[in-house]
Amino acid sequence: NGNAAWHTRWIKHDEELGFLVGAFTAEGSASQNNHTVGFGTHKKEKQFRKGIVSRIRKIFGLSNFFENTVDNSCILSVNSKILQRTFRHYIRGNKAHLKEFNIDILHANKEFQVGLLKGIFLGDGSMSSKYYTFTSTSQKLMHQLQYILLRFGIVTCISISKRKGKTAVFPGGRVCKMQDLYNLRIIDADSFNKLSELFGYADRKKQSIWHKPKYKWISDSLI
């Protein structure tokens with residue numbers, strides 16, 4: 001078979017794999033009809049796509065990638081049955097608002113989870129001087145992400161942007177029904193700085209004397 005490719009037999013549950021699973025959580029899809037895995041990104045997100053490609057090559061030994069750019073979007077795709085099965089093992093739901101983590105992710109080692117957070121953030125996250133934000137149309141996914149962040153001592157809050165039932169028209173005339181958007185934010189200085197440290201960012205936030213978090217940690221529990 002001229003299209004066959006050798007795969008790595010053993011895959012480490014490390015930060016690199018976590019990043020790929022996070023990127024797939026945020027921007028990925030797996031075809032129901034074939035073995036194509038795609039990542040939908042903005043055409044300017046070249047470094048993000050480069051990071052995805054380099055990790056897939058390193059972990060799975062794949063080399064044939066395709067990019068399709070339409071207006072401001074760019075879809076990175078690769079054909080691999082093993083890659084498709086790997087992502088489907090970790091992420092359930094064939095639509096964005098139905099996505100959720102397999103329970104393995106919730107109990108994975110912290111190295112894997114750091115990579116997961118990085119991949120999700122680069123796909124569906126944003127940062128300002130005041131807070132970090134993760135966004136998704138999946139409510140369950142945001143609650144699961146909230147749980148993972150708590151493992152690192154990071155406290156979050158979730159708000160909802162009501163838009164279900166509305167329609168959006170994308171470039172090319174494609175019409176899509178919208179779902180409610182869930183915004184998970186890291187606001188207080190302690191949590192903000194912990195996430196910055198995890199991501200290796202230099203950004204730090206000072207705690208205002210007028211806004212103090214109303215929680216404290218007691219024996220690994222939050223009250």
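Twelve aromatic pairs are found in this structure, where rings of Phe, Tyr and Trp (its six-membered ring) pair if their centres lie within 6.5 Å, and planes under 30 degrees apart count as stacked, over 60 as edge-to-face and the rest as tilted. Take F121 and Y132: their ring centres are 5.6 Å apart and their planes stand at 70°, so this pair is edge-to-face. F121 belongs to helix α5 (residues 110-124) and Y132 to strand β8 (residues 132-136), so the pair ties together parts that are eleven residues apart in sequence. Helices (H or I, at least four residues) and strands (E, at least two) are DSSP runs, numbered from the N terminus. F121 and Y132 are both buried, meaning under 20% relative accessible area, with exposed over 50% and partly exposed in between (1.4 Å probe, protein chains only). Ring pairs also link F121, Y132, F134, F192, F199 and Y201 into a cluster.

Before going further, note that this is a predicted model, in which local features need pLDDT of at least 70 and side-chain atom pairs count only at pLDDT 80 or more, while totals for chains, interfaces and linings use all residues. Residues are numbered from 1 along each chain as its sequence is written, and side-chain values use heavy atoms, leaving out hydrogens and water.

Some rings have a charge over the face, which requires NZ of Lys or CZ of Arg within 6 Å of the ring centre and within 35 degrees of the ring normal.

| Charged residue | Ring | Distance from ring centre |
|---|---|---|
| R55 | F19 | 3.8 Å |
| K110 | F152 | 5.3 Å |

Now to the strands. Y132 brings us to an open sheet of four antiparallel strands, in the order β7-β8-β12-β9; strands pair if DSSP finds at least two bridges between them. At the edges are β7 (125-127) and β9 (157-161), each pairing on one side only. Neighbouring strands here are turned by 25° against each other on average, direction ignored. Axes are lines fitted to C-alpha atoms, for helices over the stretch in contact, and angles run from 0 to 180 degrees between N-to-C directions.

β7 and β8 form a hairpin with four residues between them, joined by three bridges, and M127 has Y132 as its bridge partner. On to β12 (residues 181-186): five antiparallel bridges connect this strand with β8. T133 is partnered there by R185, and S136 stands opposite Y182.

What covers β8? Helix α6 (residues 139-151) packs on the sheet, touching β8, β9 and β12, where contact means heavy atoms within 4.5 Å. Helix α7 (residues 189-199) lies across β8 and β12, at about 80° to β8. Four of the five residues of β8 are buried.

A further open sheet has four antiparallel strands in the order β1-β2-β4-β3. Its edge strands are β1 (28-30) and β3 (65-70), and its neighbouring strands are turned by 20° on average, direction ignored. β3 and β4 (residues 73-79) run antiparallel and are joined by six bridges, with T69 opposite C74. Helix α3 (residues 81-90) lies across β1, β2 (36-42) and β4, at about 70° to β2.

Finally, the largest nonpolar core has 48 residues, among which I56 and F134 touch the most other members. Such a core is a set of buried Ala, Val, Leu, Ile, Met, Phe, Trp, Tyr and Cys residues joined through side-chain atoms within 4.5 Å. Leaving aside residues up to four places away in sequence, I56 touches L20, F39, G61, L62, F65, V78 and L83.
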